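Please look over the sequence and the structure shown below before reading on.

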Amino acid sequence: MRFRLLLGLLLPLTLFIVLNSISVYRQALAAATTAYDRTLLASAKTIGEQLDVQGEGELAELRATVPFSALEAFEADNQSRMYYRVSRRDGEMVSGFAELPFWRGTLPARPPYAALVDFYDDRFRDLPVRVAVLLQPVASERGRGMAVVQVAETLELREALARRLLLDMLWRQLLLLAVVAGATVLVVQRATRPVRALGQAIQARAADDLSPIQAPDAPRELAPLIDAMTAVMARLQRLLDHQKRFVRDAAHQLRTPLAVLKTQVQSARRGDAPPEQALAEIGATVERATVLANQMLSLAKVEQLRQRPEFERIDLAEAVREVALDVSPLLADKGLDFALEVQPTLVRAHRWMLQELTRNLLHNAIRLSPPGAALLVEVRPQAGAAVLRVADGGPGISAELRQRLFTPFAAGDVARGSGLGLAICREIVQALDGEIALDNRLAADGQMVGLDAVVRLPQAAA
């Protein structure tokens, strides 16, 4: 039985590994080609940015000041060499390696990148090379022209990467083959000891492997334990994914305002602008960065509270009234016709979550409402749900914006907001098992008159 089981498993796996190795090598080579083609394109763009032109049309005279050291940053581990050539459209060389053959091809109908670029294989100095050609428009105060930038790279690094990927895959496949053989022998010999076999399978997992436990042959008595462990791993995986996403978003989003702030400080030191103007610009940048940081911390706090749902019964009307008092200076500054209509309505939640939800909805409504417009905040019980409605007099939302309305960093106006407010609202509502919707409000004649933000939360018993 052991021999037949091993033979029936190992032969198909061996055949699959051979076929898969061939396929993986080809895919790895194609992936390496795609990845390093991007490096070639980046090199060509770097060279194109250093071009100058004098004159227009056929009389345009291109000038290039491109040291070869500019390409050293794109050469990895001295395993490959890069060469370049800058030419006019008619083939006349401007700079670079004259031996590099001039490109005589045509651009593809659908370029892989948002640029006039083509990639092809060639030989240079008796070595196979991969060449990227970029048609680079050049414009300056003295004229306009078109340059042909060619960047060639030898293939040692691409082939080495494909071989390394293949070898890495092969030893893992051989290890898998050995594991399958060993597990088969173990199951045959120890069919009466499933608990130990399951423990060994879990212990063999990687430290970061939180995928569901697959044990279809385990006794039925172990099913509740396996389901419980799978549920715990799923919760841990969600928490880790949220933390990774938070760190990634924080690093990405805070980089821009900090870079702008650094530039403004340097400009102020040079005296490029009056001190009052420089301080005002720096203050605005700091304010935007502060708002962004606070909103990202709020988003992280929502996830923290979601993991520990120790909610209490809270009057939604009271929480909304407190936030309305906090934002009353903003309402007065814009001269909005504000109305607050609330009825006592209990929900099970955390007070901070209700206040943060209301604050973000009100801030959006105030920001988008024109001066003097009407703004209504309403809280009422309805069919077993607590309904919070914020009705503004703004321009509403377009169909294109609706598709990405609750996506972080995508729904907001880049110049006036971070795009995190509605994402925070959605996370809070989902944590409270509720629903949120934003609908345009139309007049009798079909004209847009505002936007209704409606939140429905489960109502708590008195």
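## An aromatic cluster

In this predicted model, Tyr83, Tyr84, Phe97 and Phe124 come together as one aromatic cluster. A search of the whole structure finds four aromatic pairs. One of the pairs is that of Tyr83 with Phe97, an edge-to-face arrangement with 5.1 Å centre to centre and 90° between the planes. This pair links distant parts of the chain, since Tyr83 belongs to strand E3 (residues 82–88) and Phe97 to the loop between strand E4 (93–96) and strand E5 (117–124), 14 residues apart. Tyr83 has a relative accessible area of 12% and is therefore buried, and Phe97, at 17% relative accessibility, counts as buried too.

Phe97 also forms an aromatic pair with Tyr84, again edge-to-face, with 6.3 Å centre to centre and 90° between the planes. Because Tyr84 lies in strand E3 and Phe97 in the loop between E4 and E5, the pair ties together parts that are 13 residues apart in sequence. Tyr84 and Phe97 are both buried.

## The protein as a whole

The protein has 462 residues, of which 37% count as buried, and its secondary structure comprises ten helices and 14 strands. When contacts between residues at least 6 apart in sequence are considered, 65% of them join residues at least 24 apart.

Helix H6 (residues 316–326) packs with helix H8 (residues 351–368) at an angle of about 50°, and the axes of the two helices are 9 Å apart. Because of that angle, H6 is oblique to H8. The crossing in which H6 passes H8 is right-handed.

On the side of H6, the residues that meet H8 are Leu316, Glu318, Ala319, Val320, Glu322, Val323, Ala324 and Asp326, while H8 contributes Arg351, Leu354, Gln355, Thr358, Arg359 and Leu362. Sorted by class, this contact of H6 with H8 holds seven nonpolar, two polar and five charged residues.

## A buried leucine in a loop

Leu336 sits in the loop between helix H7 (328–334) and strand E9 (337–342). Its relative accessible area is 11%, so Leu336 is buried. Leaving aside neighbours within four places in sequence, Leu336 is in contact with Leu331, Ile366, Ser369, Pro370, Gly372, Ala373 and Leu375. The C-alpha atoms of Leu336 and Leu376 are separated by 9.9 Å, although these residues are 40 residues apart along the chain.

## A buried glutamate in a strand

Glu378 has its place in strand E11 (residues 374–382). Is Glu378 buried or exposed? With a relative accessibility of 13%, Glu378 counts as buried. Apart from neighbours within four places in sequence, the residues in contact with Glu378 are Glu341, Val387, Leu388 and Arg389.

## A mostly covered helix

Helix H10 (residues 421–431) is mostly covered, with nine of its eleven residues buried. The buried residues in H10 are Gly421, Leu422, Ala423, Ile424, Cys425, Glu427, Ile428, Val429 and Ala431. Just after H10, the chain reaches Asp433, which takes a positive phi of about 60°.

Definitions and conventions:
Residues are numbered from 1 along each chain as its sequence is written. This is a predicted model: local features need pLDDT of at least 70, side-chain atom pairs count only at pLDDT 80 or more; totals for chains, interfaces and linings use all residues. Side-chain values use heavy atoms; hydrogens and water are left out. Axes are lines fitted to C-alpha atoms, for helices over the stretch in contact, and angles run from 0 to 180 degrees between N-to-C directions. Helices (H or I, at least four residues) and strands (E, at least two) are DSSP runs, numbered from the N terminus. Angles under 35 degrees count as roughly parallel, over 145 as roughly antiparallel, 65 to 115 as roughly perpendicular and the rest as oblique. A crossing is left-handed if the near helix is turned anticlockwise from the far one by less than a right angle, and right-handed if clockwise. Contact means heavy atoms within 4.5 Å. Ala, Val, Leu, Ile, Met, Phe, Trp, Tyr, Cys and Pro count as nonpolar, Asp, Glu, Lys and Arg as charged, and the others, Gly among them, as polar. Rings of Phe, Tyr and Trp (its six-membered ring) pair if their centres lie within 6.5 Å; planes under 30 degrees apart count as stacked, over 60 as edge-to-face and the rest as tilted. Buried means under 20% relative accessible area, exposed over 50%, partly exposed in between (1.4 Å probe, protein chains only).
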